[in-house]
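Here is a briefing on one protein chain. Look over the sequence and the model first, then read the points by topic.

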Amino acid sequence: MKKYQVNSSGGNYDVVIDSGLLEHIGALIQTSISVKKMIVITDFNVDRLYADIVMNSLERAGISAAKYVFNPGEENKTIQTVLQMLDFLAQQQMTRSDVILALGGGICGDMAGFTAAIYLRGIRFLQVPTTILAAIDASVGGKTAVNLSAGKNLAGAFWQPSLVLCDPQTFSTLPPTVFSDGMAEMIKHGMIADKTLFHELQENRPENNWENIILQNISIKAGFVARDTRDTGIRQLLNFGHTFGHAIEKCSYYSISHGHAVAIGMMMAARAAEKKGICLEPVTEPLKSVLDRYHLPTDCPFTAESIVLAALQDKKRFGDRIQLVLPERIGQCLLYPVVIDDLADFVNSGIRKD
Ligand SMILES: NC(=O)c1ccc[n+]([C@@H]2O[C@H](COP(=O)([O-])OP(=O)(O)OC[C@H]3O[C@@H](n4cnc5c(N)ncnc54)[C@H](O)[C@@H]3O)[C@@H](O)[C@H]2O)c1
């Protein structure tokens, strides 16, 4: 078992990583926070695999729990789904002392977290991530959101969980593409903050070392969150690959998953940075080889024009500038504001392979 304390201006909380944790999750919750009543929010896939284990464990620990199950998929990460969750909480007469448990991937955590942030002006929630991406990224840091038709994650709130409980055994049932999605975010952490992690991912598979590698990744993410909870400065380095990645997701009408889009976005940022002399060492080739290793795509299937159009609607736009994150070397990136008029040039350099 590994434990890590996340410090943020929205409150401090523990992350517990333990293989097999779901079986005794009720007892674990009772030793950490006092709770009598919970709503478990999960999607249909995770419900089928893990909800019974969790509900039974909560019951054994004396916690009265009901379950809300939603349809998986980015197209359902909407305000309408959140409204249904809110109605369910109201029907169940949830009060301010009650708690939401988000059991699932990043979509579940983002929507259950947003619901927790606005129900009764805010109730406690727990993150129980069941994807690699949710474990190392989405469950930590307190960003919650839904998509709007104009783009991804455009409505949301900062709302920190009270506790994050991660059982790496759940990763054994992940479909291969969802597995790869999580690896893209791990590679991103290596690229922005930890060259040792990057080289480890180049040489070893993570499967036999989940607890350590999840801990390593959470400490990277939490380090940024502690220094910049509201995401106005250094935390934006975590957006490496995301400005172009979000544009790719949007251009594909979300048929390209988040992690796959981020992989392409990282490659575009690396190619552009290398061509513009921003890199202090070669980054494109090592990045490509590690993305290949985890079956992640590296080429953008859309035109530069469509990517620019989609990127201009991104949250990372500030007036006439858009914030890019570009690599200087493996393990080190920098924030690089680009005036909108120069964006097309960066995107072109990022797409072209020459
Ligand atoms: N809040 C943040 O800081 C943050 C950070 C990164 C990403 N995100 C968001 O996270 C979302 C992506 O998260 P994700 O990749 O976890 O996707 P997801 O939540 O859609 O899960 C992917 C798929 O895997 C299934 N699944 C989940 N756990 C499983 C398991 N253990 N076994 C089998 N199937 C399982 C789900 O049902 C779903 O079909 C995006 O919406 C992204 O915007 C948020």
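Helices (H or I, at least four residues) and strands (E, at least two) are DSSP runs, numbered from the N terminus. Just after helix α4, leucine 120 takes a positive phi of about 50°. This is a predicted model, in which local features need pLDDT of at least 70 and side-chain atom pairs count only at pLDDT 80 or more, while totals for chains, interfaces and linings use all residues. Residues are numbered from 1 along each chain as its sequence is written, and side-chain values use heavy atoms, with hydrogens and water left out.

**Whole chain**

- The protein chain has 13 helices and 12 strands.
- Its radius of gyration is 20 Å, close to the 20 Å that the globule rule gives for 354 residues, so the chain is as compact as a globular protein of that length. The radius is taken over C-alpha atoms, and the rule is 2.2 Å times the number of residues to the power 0.38.
- The C-alpha trace spans about 60 × 40 × 35 Å along its principal axes.
- Of the 354 residues, 58% count as buried (buried means under 20% relative accessible area, exposed over 50%, partly exposed in between, with a 1.4 Å probe and protein chains only).
- Among contacts (heavy atoms within 4.5 Å) with a separation of 6 or more, 74% are between residues 24 or more positions apart.
- The mean positions of the 33 positive and 37 negative charges are 4 Å apart. Lys and Arg count as positive and Asp and Glu as negative, with His and the chain ends not counted; the place of a charge is NZ of Lys, CZ of Arg, CG of Asp or CD of Glu.

**Helix α4**

- Helix α4 (residues 106-118) has 13 residues and reaches 18 Å from its first C-alpha to its last, close to the 18 Å expected at 1.5 Å a residue. The expected span is 1.5 Å times one less than the number of residues.
- In α4, 12 of the 13 residues are buried, so the helix is largely enclosed by the rest of the structure.
- The buried residues of α4 include Cys108, Asp110, Met111 and Phe114.

**Helix α8**

- The 18 residues of helix α8 (residues 210-227) should span 26 Å at 1.5 Å a residue, which agrees with the 26 Å between its end C-alpha atoms.
- Among the buried residues of α8 are Trp210, Glu211, Lys221 and Phe224.
- The cover over the buried residues of α8 includes strands β1 (2-6), β2 (13-17) and β9 (163-166) and helices α5 (132-138), α6 (176-193) and α7 (195-203).

- Isoleucine 25 lies in α1 and is buried, with a relative accessible area of 0%.
- Not counting residues up to four places away in sequence, isoleucine 25 touches Val54, Ser57, Leu101, Val128 and Leu165.
- Isoleucine 25 and isoleucine 53 are 28 residues apart in sequence and 8.9 Å apart in space, C-alpha to C-alpha.
- Glutamine 30 also lies in α1 (residues 25-32), but it is partly exposed, with a relative accessible area of 31%.
- Leaving aside neighbours within four places in sequence, glutamine 30 is in contact with Val35, Ala61, Gly62 and Ile63.
- Glutamine 30 and aspartate 43 are 13 residues apart in sequence and 24 Å apart in space, C-alpha to C-alpha.

**Glutamate 249**

- Glutamate 249 is in helix α9 (residues 242-251) and is buried, with a relative accessible area of 1%.
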